[in-house]
Amino acid sequence: MSLRGADLGDGTYRNPVLDADWSDPDVVRVGDDYYLTASSFGRAPGLPLLHSRDLVNWTLVGHALPALEPAARFALPRHDCGVWAPSLRHHDDRFWIFWGDPDQGVLQVNAPEIRGPWTAPHLLKEGKGLIDPCPLWDEESGEAYLVHAWARSRSGIKNRLTGHRMHPDGTGLLDDGKVIVDGDRIPGWFTLEGPKLYRHDGWFWIFAPAGGVATGWQGVFRSRAFFGPYEERSVLEQGDTDVNGPHQGGWVRTPSGEDWFLHFQQRGAYGRVVHLQPMRWAAGGWPVLGDDGSPVAVHRKPALPPQPAAAPATDDDFPGGRYGRQWQWTANPRDGWATQHSGDGLRLACVRSAGPHDLRAVPNVLTQRLPGSPCAAEVELRLDGAEAGARAGLAVLGDAYAWIGLERDADGTVRLVHRFAEPAAAGSGVSPGPWGSERDAARPVPVPAGRVRLRIEAGSGARCRFAYDAGAGLRRSGPVFAATPWRWVGALLGLFAQAPEGPGHAGAAVFTHFRITPS
């Protein structure tokens, strides 16, 4: 469903065109089709794949990475690690995605079709802090190149772009690399990262953001030779608009020759929403983005055939126990967490775990992005787990979290519980662990039938109110909870089922009729 449709139906669109956390987008055109991927960090499946035919209406068609590797490293949540800032390209009749894992290096996968089958991840360059890679196959020379940025948190290096010659088959690099843009040598530039590499009009072009996630700008660099020297220009910044830090994304050209640029805006708990900017070339040969360098709020749509309004799916009836593409686990999934069956409804096993059951530290939370506009999320829950301590619910998950759901007491009674946990002391969520116990947000309420309808209303600023209906009508529960992001990841909506450590099967919980509606 579309909570706040980007397509206004009159030949114009409004930003953002993707109003949720589709972080660090990149885009490519193949024929009349446009494809987009984004960072997925530590969630699985990773590397989402979106499709559009007009750059405004997008649908989610799959993922390129079923699970993160090495599997043991991502058996537990690593919320801000994993897949950073991928690049999507089409070359030699194949789709290619390159990304940086800040703890491993530069990886790539490729496939003959966007829906796969995708190859297993191939480590192209090993090293700490290698991020935001982008390849280029130069049709003029037959050479292949790769550029990447650096994460100071892992390497001690930042504000630099390193270039390599690459083997044309994308399997390896042909040199040790050279710094081709040093942001420290450009007055006023800092946190240079996220490069996207192109060839146009006899120049090598690098579109790269600078200035930091929340308040930065979009830079463009050009050189007649890949290894430089490069000259630079700022081409998109906030200006007098309310779009902070409009930067980091990809340029795409339509069949008729129109140019467009997709980028993100950091919006706190909502993560990085995606905007579409018109792009043209000025007399001096430099690109001009947006409205003479400032983001547009409403603009004429690309001159492409009309398409029906569309947005990535959110609702789910879980037919046969299967969940839709919009859902991702907070770590690599394991067999038995969700079981298929003949009816509808998501049957989640009450997975046993030791420790405090902190939702930030357990891997079996099934999540989707929190929409960027006010909405209400609802789901019906039945708790079948008969063991004391078995629990299941609907959560808003971030550096702090809150959830509402059902829990079975030691005397066998099922109660409606509403709990929260304050921000993690560790902050980044990199090392999963016991971040402190949950606290009650409201007094427990007996629910003898073991069934309930749960509701979270996410208002302006991602301020969330919780409610439930146990058969006597909808009732509010607890105070307002302000959703929070992790360091790089927006807040998530999540479904989960858990049980205390012990032998044997602990039962299951069944979720039905998940809906997100405007509010």
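Predicted model: local features only at pLDDT ≥ 70, side-chain atom pairs only at ≥ 80, totals over all residues.

Tutor: Start with the rule: a salt bridge is a side-chain nitrogen of Lys or Arg within 4 Å of a carboxyl oxygen of Asp or Glu. Residues are numbered from 1 along each chain as its sequence is written, and side-chain values use heavy atoms, with hydrogens and water left out.

Student: What makes Glu457 and Arg476 a salt bridge?
Tutor: Their N to O distance is 3.4 Å, and the rule asks for within 4 Å, so the pair qualifies. Glu457 sits in strand β34 (residues 451-458) and Arg476 in strand β36 (residues 475-482), 19 residues apart. Strands here are DSSP runs (E, at least two residues), numbered from the N terminus.

Student: Why is Arg476 called exposed?
Tutor: Labels go by relative accessible area: buried is under 20%, exposed over 50%, partly exposed in between (1.4 Å probe, protein chains only). Arg476 has 52%, so it counts as exposed.

Student: Which residues are linked with Glu457 in a network of salt bridges?
Tutor: The network joins Glu378, Arg453, Arg455, Glu457, Asp469 and Arg476. Over the whole structure, the search finds 31 salt bridges.

Student: How do you know that Glu407 pairs with Arg419?
Tutor: The closest N and O atoms are 2.8 Å apart, so the pair passes the 4 Å rule. Glu407 is in strand β30 (residues 401-408) and Arg419 in strand β31 (residues 414-421), so the bridge ties together parts 12 residues apart in sequence. Arg419 also meets Asp440 in a salt bridge, at 3.1 Å.

Student: Are Arg419 and Asp440 buried, or partly exposed?
Tutor: Arg419 has 14%, so it is buried. Asp440 has 44%, so it is partly exposed.

Student: What makes Gln248 stand out?
Tutor: Gln248 has a positive phi of about 65° although it is not a glycine. Gln248 lies in strand β18 (residues 247-253), and its 5% relative accessibility makes it buried. His513 has a positive phi too, about 55°, but His513 is partly exposed at 42%.

Student: And how many disulfides are there?
Tutor: A disulfide is a pair of cysteine sulfur atoms within 2.5 Å, and by this rule the count is zero.

Methods. Helix = DSSP H or I, 4+ residues; strand = E, 2+ residues; numbered from the N terminus.
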